[in-house]
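Open your viewer and get ready to click along.

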Amino acid sequence: MQKLTITQPDDWHLHIRDGAILKTVLPHTVRQFARAIIMPNLKPPVRSVDEAAAYRERIIAAIPAGQQFEPLMTLYLTDNTTPKDIIAALASGFVKALKYYPAGATTNSDFGVTDIRRCDRVFEVMEEVDLPLLVHGEVTDKDVDVFDREKVFIEKYLLPLKQRFPKLRIVFEHITTSDAVNFVLEAENVAATITPQHLLFNRNALFQGGLRPHFYCLPILKGEEHRQAIVEAATSGNPKFFLGTDSAPHTRNNKENSCGCAGCYSALHALMLYAEAFERADALDKLEAFASFYGPDFYRLPRNTEQITLVKSAWQIPAHIPLIESELVPLWGGHEIMWQIQ
Ligand code: NCD
Ligand code: ZN
């Protein structure tokens, strides 16, 4: 196949930050995606509908002239989120979900939930009004191995949560293990997003000839058997699995640092990376539904009607892109890949 025309996709998990970074990265997303679920982990996080409304306006102001893009907003769940916040979120029309981060699990998660059961009153209302919960599924216990954080989270928190709230719609974000795939397959009203890095790389990428901070994200890359399980899920044609890049820009100096930030920058070339991964799995015919159908179906939004064409023609991912007073290093920067947008 040399050319692939698909319905325009959406990105169901995206970090675009604010200010100068927002202005730099948003055009990359807008070139490929019609809509995106915008992560609320700003400093401080987006916790109220008013904050989400203001952030949404700043995003809309950063859309390049003449282009179309719809930011789908989320609120950051904290110990202090109330049922009232949920009702307000639903009434806003533009807040599409709440995001749960365990406190301390990842970048800007200091305001995260300290004990998930504290939120049961909120989950009850979310279940009732059918507002999805987006979960960063990793435990933070010091005695749990970093590669086991997702698996332990499922056993300790996700299975009990599903038992308490069977109808609550959950997106298990950026899944990385066969354990997560199996959980999603079995649980009702649960779907999952999958990133390009977890399709293309296993944890060896972190240590290829030295320490590679630009492959460091959370949840961390896993072993090859898990990568294969993720590829199988993404290319299976099962509507429970859909595209979410988790593109998470950090400046080069914040990544190449004695304590480097977690996050891979993929918004520049996300769709091309997914095409690469799907072609390697001989499943390009499954890309459209994964990228463009199953996400809106889960969120109960209309599918896009525009189309986008990918052509097979080798190009080199830029090693870096300029940013005020720094740079962004795209995921797999400097490497040649086979697909580009026409
Ligand atoms: C994300 C970020 O930088 O905001 N980082 C990451 O490694 N994925 C946060 C997150 O989604 O965990
Ligand atoms: Zn994320």
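## Stop 1: Asp246

Select Asp246, which sits in the loop between β9 (241-243) and α9 (252-255). Helices (DSSP runs of H or I, at least four residues) and strands (DSSP runs of E, at least two residues) are numbered from the N terminus. Before you go further, note that this is a predicted model, in which local features need pLDDT of at least 70, side-chain atom pairs count only at pLDDT 80 or more, and totals for chains, interfaces and linings use all residues. Residues are numbered from 1 along each chain as its sequence is written, chains are lettered from A and ligands numbered from 1 in the order in which they are written, and side-chain values use heavy atoms, with hydrogens and water left out.

Is Asp246 buried or exposed? Asp246 is buried, with a relative accessible area of 5%. Here buried means under 20% relative accessible area, exposed means over 50%, and partly exposed is in between (1.4 Å probe, protein chains only). Now look at the backbone: phi of Asp246 is near 55°, a positive value in a residue other than glycine.

## Stop 2

## Stop 3: ligand 1

Next, select ligand 1 and show its surroundings. It is surrounded by 15 residues, the closest being Arg17, Asn41, Thr106, Leu218 and Asp246. A residue counts as near a molecule or strand if one of its heavy atoms lies within 4 Å of it.

- Asp246 has a polar side-chain atom 2.7 Å from a nitrogen atom of ligand 1.
- Arg17 has a polar side-chain atom 2.8 Å from an oxygen atom of ligand 1.
- His15 has a side-chain N or O atom 3.1 Å from an oxygen atom of ligand 1.

Taken alone, ligand 1 exposes 320 Å², and the protein buries 100% of that. Accessible areas come from the Shrake-Rupley method with a 1.4 Å probe; for residues, only the protein chains shown count as cover.

## Stop 4: two cis peptide bonds

Move to Leu218 and Pro219. The peptide bond from Leu218 to Pro219 is cis, with omega near -5°. Pro219 is in the loop between α7 (196-200) and α8.

Then jump to Lys43 and Pro44, which are joined by a cis peptide bond with omega about -5°. Pro44 belongs to the loop between β3 (35-38) and α2 (49-61).

## Stop 5: salt bridges

Side chains of opposite charge can pair when their charged atoms come close. How many salt bridges does a search of the whole structure find? The search finds 17, where a salt bridge is a side-chain nitrogen of Lys or Arg within 4 Å of a carboxyl oxygen of Asp or Glu.

Select Asp120 and Arg164, whose side chains meet in a salt bridge (2.9 Å, N to O). This pair links distant parts of the chain: Asp120 is in helix α4 (residues 120-129) and Arg164 in helix α5 (residues 149-164), 44 residues apart.

Now select Glu224 and Arg227, a salt bridge with its closest N and O atoms 2.8 Å apart. These two are 3 residues apart in helix α8 (residues 224-234), so they are separated by about one helical turn.

Arg300 lies in the loop between α11 and β10 (307-316), and Arg300 is exposed, with a relative accessible area of 55%.

Conventions
A polar contact is a pair of N or O atoms within 3.5 Å; within protein, one must be able to donate a hydrogen and the other to accept it, and residues adjacent in sequence count only if both atoms are side-chain atoms.
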